[in-house]
Amino acid sequence: MIELSKAEARRVALAAQGFLDPPHAVPTLRTLARTLERTSVLQVDSVNVLARAHLMPLYSRMGPYDPALLERAASGRERRRLVEYWAHVQALMPVDLWPAMQFRRDHYRAQRGKWGFTADARLEPAVLQAVRDRGPVTARQLDAEFSGPRTREHWGWNWSDARQVLDYLYLVGDVAIAGRSPQFEVRYDVPERVLPRRVLEAPTPSPQESARALVRRAARSHGVGSGPCLADYFRMRWQPGNGEANAREAVADLVEAGELEEVRVEGWRRPAWLHASARRPRSVRARALLSPFDPLVWERTRTETLFDFHYRIEIYVPRPQRRFGYYVLPFLLGERIVARVDLKADRATGRLLVPAAFAEQHAPEETAAQLAAELRSLAGWLGLDEVEVGSRGDLAAALASELSTVSDLTPPAG
């Protein structure tokens, strides 16, 4: 059995996620396609403190790019490459995965959704017909016709009747997400106006065939991962049960087919599997700020075992109890996460705010200089003119000093 040191496993994971790919001076649709091949999915979240969650992982791998590239990939019909669905939670996924998600749509139909409250079934035919007649539409555009007074029964999920019905229809595949409005509202339409014909006409795989397809992609995007890591990538079951698609059986099938190989990773208590095509580089030269929703760090236990980096997002933590800040991004340098910074885009004043910056114990001497260069690049991509550093954190003073003289530095060898 192959044995990997933690450093080797870390480099495998970084390569699988695209941090070994050579940069393009001007990212193109080909660059985007290559990056999406690495990540497989892009988590979508409404938080916009810095940049939308699905935009940042692309920047972390491609550098400054035109977001219109992603808009092109996630719009139209026959040329559409991405569609939004509940893949790894709400996420943009390749349109080719639509048939593989049928088992999930069937599951949501059987349990009448996924949120613990049930949409009004009596409204479904009329709402679906309204989407068919008027789509793409937002829930707000249908509220006056289909929604009654809202209650406070579900704090944080105080959706209108139209929104609840549309969400159910989306989960079961009767409608699809055509895109987002400038206000980031979901725009719904019927699948035949959203998805390519070849996708809608493709054969429907069995639940276990779907599980194999999803675990195969998860393994390729992870490079190396434990069973729960591979299951989490597309939010599947690891433990068998109820006849549902589960990752454990899929892993066994892929091992038998020679696509995965069981390995031992230093410090991991769980068995792990290496994808047959995974690259095993001797070093990784990376420099990137990672969104809290980046596939490299979204599974926090994996992040800790790979990078010795304990990471929690503190958006929902009361201000006095936060350790590091409201919206904190890990800073990847070489092949280690060496710092974390609390960031906010103050678009009204054209400033990238850094309320706090903290170095990890193993951070190299050049951390402040490299982070300063990366923050300048990020600010430029976001259309911000200045980077302003606050006083919190043991890295803040050095970072502020470097920002006054920062140059375009090359990331050091990993």
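The largest nonpolar core here has 61 residues, and Met93, Leu142 and Phe234 have the most contacts inside it. H8 gives the most to this core, with eight residues. A nonpolar core is a set of buried Ala, Val, Leu, Ile, Met, Phe, Trp, Tyr and Cys residues joined through side-chain atoms within 4.5 Å; buried means under 20% relative accessible area with a 1.4 Å probe, protein chains only. A second, separate core of 52 residues includes Leu69, Phe184, Leu343 and Leu375.

Keep in mind that this is a predicted model, where local features need pLDDT of at least 70, side-chain atom pairs count only at pLDDT 80 or more, and totals for chains, interfaces and linings use all residues. Residues are numbered from 1 along each chain as its sequence is written, and side-chain values use heavy atoms, leaving out hydrogens and water.

Let's look at helix H8, residues 161-172. Helices are DSSP runs of H or I with at least four residues, strands are runs of E with at least two, and both are numbered from the N terminus. Ten of the twelve residues of H8 are buried, so the rest of the structure largely encloses this helix. Among them are Ala162 and Leu166, both touched by Leu142; contact means heavy atoms within 4.5 Å. Just after H8, Gly173 takes a positive phi of about 90 degrees.

Now move on to helix H12 (residues 247-256), where Ala247, Ala250, Val251 and Leu254 are buried. Seen down the axis, these residues fall within an arc of 100 degrees, so they line one face of H12; the arc is that of the directions from the helix axis to the C-beta atoms. They pack against helices H10 (207-222) and H11 (227-233) and strands S8 (260-265) and S9 (272-275).

Notes. The expected span of a helix is 1.5 Å times one less than its number of residues. Buried means under 20% relative accessible area, exposed over 50%, partly exposed in between (1.4 Å probe, protein chains only). Lists of a residue's contacts leave out its neighbours within four places in sequence.
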